[in-house]
Amino acid sequence: MAEIIFSETEAQLLKGKVVVITGGAQGIGAATVTLLHALGAHVFFGDWDKTHGQKLEADLQARDSKTGGSAHFSQLDVRNYHSQLALFDAAYQKHKQIDVAISCAAVKEPAGWFEPEVLDLETVRKEPTPINDSLEINLTSVLGFSRIALAYMKASSSNTTANNDTTSFSKSIVLVSSIAGITEAPGLFAYSAAKHGVIGLMRALRPWAPVKYSVRVNAICPWATDTQLLSGVKDRWLVENMPINTPACVAKQIIQCTASPSLNGKAVFVTGGRGFDTEEGVERTQPQWMGEENARDFEKGQRILGLGGDWTSDEK
């Protein structure tokens, strides 16, 4: 697999850029907000966790930032479309520009809905509301986020960026998926289904958004990362000397995807602090896993289907 190397030079392109990010109060999201602020970006971040969000905002605002970055927190529920819309509104009203959008909000697997000791013909009659909520947060909200981001980036296209550098930077969306979005993940039924969906969304957008909106789209797929989501297995993981990410390591991969104009349509597997493009391997080996004749037919079919259009609509 091709390795994605973090470039300080390309990261500096984010100075003065306007960034919207959800799930920014803790973990990977907070590390990303912190790095963006240090690079001089104007970061508008939202999260359900008001306490951590306001503390991070205050901490960043109190820093003597020579880069000119700024941080603005809003409490939001990503399940509420208009709540996400308000976050984009806040950024656009202040700067008349949105350059980067990062969807980082996620929740872990709701427990107790598939296990044989609790699932029977009586309990199955109870609607699995926690599963529905998990899918709303981990997938449906990401669709809404992407739609909103494209609209605001389209509105920004006629404006100059905050530092007037339009030659070496291109607008981008980064969607945070998971290793559970590209491999099997036993026991993570709703979580894995949603994270696979995020990869599907990225794949649908990657040939389309650059042509229609001049926006690049990438996905980040962290493996074991030192956040609250890993707390139940962290001790054993370390005893076995397994690779582990820090939130800051994953944040660097997110930053690289936002900053590098050459990156589009990547699903970056992050392990032990290093990033690897898994899509390159999928595409390169397609004749092996699909069959050579099928791969040739598929490539031809994709050219015929193009970027969609009238044939994708139910309306005739």
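## How pockets are found

A pocket is an open set of points on a 1 Å grid over the protein atoms alone, where a 1.4 Å probe fits, with protein on both sides within 12 Å along at least five of seven lines. Lining residues have an atom within 4 Å of a point. Grid points are joined across faces, edges and corners, and a volume is the space filled by probe spheres set on the points.

This is a predicted model, in which local features need pLDDT of at least 70 and side-chain atom pairs count only at pLDDT 80 or more, while totals for chains, interfaces and linings use all residues. Residues are numbered from 1 along each chain as its sequence is written, and side-chain values use heavy atoms, with hydrogens and water left out.

## Largest pocket

The volume of the largest pocket is about 1,300 Å³. Its lining has 43 residues, and A106, V107, K108, Y191 and L229 are the closest to the centre.

Helices here are DSSP runs (H or I, at least four residues), numbered from the N terminus. α2 (27–38) and α6 (189–205) each give at least two lining residues. α2 has the largest share, with three. By class, 23 lining residues are nonpolar, twelve polar and eight charged. Nonpolar means Ala, Val, Leu, Ile, Met, Phe, Trp, Tyr, Cys and Pro; charged means Asp, Glu, Lys and Arg; the others, Gly among them, are polar.

## Second largest pocket

This pocket has a volume of about 720 Å³. It is lined by 23 residues, and R203, R206, P207, F298 and Q302 are the closest to its centre.

At least two lining residues come from each of α6, α10 (278–284), α11 (286–290) and α12 (292–305). The largest share, four residues, is from α10. The lining holds ten nonpolar, six polar and seven charged residues.
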